[in-house]
Amino acid sequence: MKVAVFSTKAYDRKFICQANAESGHELTFFEPRLNAHPAPLADGFEVVCAFVNDQLDAQVLELLKAQGTELIVLRSAGFNHVNLRKAAELEITVARVPAYSPHAVAEHALALILTLNRKTHRAYNRVREANFSLDGLLGFDLQGKTVGVIGTGKIGSIFARIMHALGCRVVASDPYPDTSLHGIVDYLSLDEVYRVSDIISLHCPLIPATEHMIDEAALEKMKPGIMLINTGRGRLVDTRAVIGGLKSRKIGYLGLDVYEEEGDLFFDDLSQEIITDDVFMRLLTFPNVLITSHQGFFTEEALRAIADTTIANIDAYATGQGTLHRVSVENVT
Ligand code: NAI
């Protein structure tokens with residue numbers, strides 16, 4: 001099939017071309033993020049391949065449909081950036097990569113926790129400049145701390161097991177508890193998770209029910225000095241409320257791999273640009289905030305699995321054989 005691949009970097013090309021070696025789909029790679037402006041680039045392509053910050057709203061979907069697109073394959077598990085209702089109305093099939101390496105994201109959440117706690121990013125720079133002082137590097141033992149996991153699906157359940165193995169008490173909130181976590185996780189109400197946790201990590205999807213779930217009212221319920229980690233989706237967190245929490249010292253540590261307005265920032269080198277997002281720039285001023293630019297998924301294993309499943313989705317659509325990981329309105333509950 002003719003496939004327009006958007007938001008592509010050199011690393012995407014490498015893994016997608018390798019995965020496509022046998023299938024032989026006709027791939028064209030476009031660097032820009034997909035929105036209404038670059039959408040005409042996909043004219044005549046039956047398949048559009050999109051990533052997390054591509055914009056697949058009603059307007060873009062209508063444009064794509066008019067240009068002949070019948071299948072959208074997402075190189076992500078999350079699908080909050082697609083108007084699925086509109087896609088169904090236009091009879092555009094949407095498929096995703098339901099699981100690639102949940103370990104990649106769970107381990108990145110741990111990396112954020114360890115870095116924020118033990119300040120290895122600061123220590124690295126200090127030692128290179130022959131500054132061997134320990135002032136300001138004081139951390140705490142993770143052993144014995146209570147870690148709250150919001151969403152114990154594929155990623156959250158692995159994260160819960162990792163934290164349990166480090167000697168933490170793990171509590172969680174999920175409308176569908178995972179019985180295989182018996183003896184590892186205590187399921188509590190969301191409010192109880194907020195109340196008892198020293199560290200809270202978000203691993204639920206972004207759906208209407210979870211949008212801005214971390215707001216002023218939620219912060220109010222948490223322990224002073226809470227460590228908050230978000231590797232889920234940016235809009236799970238009300239960034240302005242969180243800035244208030246950092247100023248009042250309610251939040252002791254903040255680790256973000258995602259940000260609600262990340263589409264204009266992440267994945268590109270903007271080091272020579274003027275960044276006009278004042279909320280994001282304010283976040284960067286806090287010494288206890290660590291932000292990575294949506295790199296939780298970024299491991300060899302995950303990129304290979306994303307590329308393999310993406311090509312397999314196209315194969316399944318084209319041949320009617322194999323598994324098509326379709327995502328539809330019913331997935332948004
Ligand atoms: P999953 O679908 O396996 O698990 C999500 C879990 O959240 C499910 O158990 C579900 O019951 C639960 N949940 C739904 N609503 C909830 C609520 N209101 N409160 C608590 N739990 C709720 O998804 P998976 O693969 O574990 O991914 C989780 C999220 O991680 C994705 O939706 C995506 O947004 C994000 N993600 C981030 C990546 C990164 O690079 N930073 C990469 C991949 C995914």
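The model is predicted, with local features needing pLDDT of at least 70, side-chain atom pairs counting only at pLDDT 80 or more, and totals for chains, interfaces and linings using all residues. Residues are numbered from 1 along each chain as its sequence is written, and side-chain values use heavy atoms, with hydrogens and water left out.

Me: What makes D268 and K9 a salt bridge?
Reply: The term requires a side-chain nitrogen of Lys or Arg within 4 Å of a carboxyl oxygen of Asp or Glu; the closest N and O atoms of D268 and K9 are 2.6 Å apart, so the pair meets that definition. Across the interface of domain 1 and domain 2, the rule finds 2 salt bridges.

Me: How do you know what area is buried between domain 1 and domain 2?
Reply: Buried area is the accessible area (1.4 Å probe) that two parts lose on being put together, summed over both, and for domain 1 and domain 2 this comes to about 980 Å², with carbon and sulfur atoms giving 54%. In domain 1, K9, N53 and N80 lose the most area to domain 2, together 41% of what that side buries.

Me: What is noted about the phi of E91?
Reply: Phi of E91 is near 60°, a positive value in a residue other than glycine, whereas most residues other than glycine have a negative phi.
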